[in-house]
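Q: Could you show me how to read helix packing in a model? I would like the general idea and then the case at hand.

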Amino acid sequence: MTDRKRRVRSDSLVNRERIMRAAARLFADRGIDVPLDEIAAASGLGSATLHRHFQGRTDLVHAVLDAEAARLAASAGRLSSGRDPAQALHAWLSDLIGFSMSYRGLAVLLAAHDVDTTLNDRHETLTRACQQLFDAAQAGGRVRTAIDATTLLRLAHAIAVAAAGSAETADLLADVIMNGLQANPCQFTDGFEIPRGETDHRRPRT
């Protein structure tokens with residue numbers, strides 16, 4: 001490959017990334033109906049360049065969602081290095097909820113047109129990332145083993161819907177989920193606390 005071809009290819013990749021970053025920002029701020037011309041302008045490029053890279057709105061939406069899923073997957077690896085496993089899982093869960101809140105409209109658009117062709121790949125990417133953090137937290141005895149990563153992803157989606165755009169509400173609900181996930185050294189029976197390994201002496205909880 002000649003130097004000129006390498007430069008053209010490099011410039012093309014840079015332009016594609018510029019368009020996707022601008023689209024992600026505008027989609028999150030204003031919704032899915034932002035004119036493509038505005039996205040091109042926000043990226044500092046022309047409409048013709050945008051249409052050379054993306055066949056239309058749904059193609060651009062796919063690219064944005066897939067890129068965000070890849071970013072979340074990469075962040076799982078970074079968070080798991082040198083951080084308490086439960087804290088890493090909590091931070092990632094909050095990031096996932098933020099992603100779901102910001103781009104939920106895009107997923108709805110694709111579902112309405114039955115064209116979310118990369119949904120399964122995105123789901124698998126996020127499930128693997130979540131499982132990586134979940135396994136570490138469970139191995140350290142920090143979270144319960146009764147649920148799995150798929151269930152946690154469903155809870156995150158439910159929080160994104162329930163929060164209705166409120167980051168404060170989303171954070172509160174994420175805290176509730178993480179508190180409920182914490183491994184509990186005690187069992188509870190009929191309102192009484194029974195430390196594991198001991199007989200039920202019906203000692204009231206304090």
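A: Happy to! This is a predicted model, where local features need pLDDT of at least 70, side-chain atom pairs count only at pLDDT 80 or more, and totals for chains, interfaces and linings use all residues. Residues are numbered from 1 along each chain as its sequence is written, and side-chain values use heavy atoms, with hydrogens and water left out.

Q: How many helices and strands are there in the protein chain?

A: Helices (H or I, at least four residues) and strands (E, at least two) are DSSP runs, numbered from the N terminus. Here the protein chain has 8 helices and 2 strands, in the order α-α-α-α-α-α-α-α-β-β from the N terminus on.

Q: At what angle do helix α7 and helix α8 pack?

A: Axes are lines fitted to C-alpha atoms, for helices over the stretch in contact, and angles run from 0 to 180 degrees between N-to-C directions. Helix α7 (residues 149–163) packs against helix α8 (residues 167–181) at about 150°, and their axes lie 9 Å apart. Over 145 degrees counts as roughly antiparallel, so α7 is roughly antiparallel to α8.

Q: Which residues in α7 and α8 meet?

A: Contact means heavy atoms within 4.5 Å. From α7 come L152, L155, I159, A162 and A163; they meet T169, A170, L173, A174, I177 and L181 in α8. By class (Ala, Val, Leu, Ile, Met, Phe, Trp, Tyr, Cys and Pro nonpolar; Asp, Glu, Lys and Arg charged; the others, Gly among them, polar), the contact of α7 with α8 has 10 nonpolar residues, 1 polar and no charged.

Conventions. Parallel < 35°, antiparallel > 145°, perpendicular 65-115°, else oblique.
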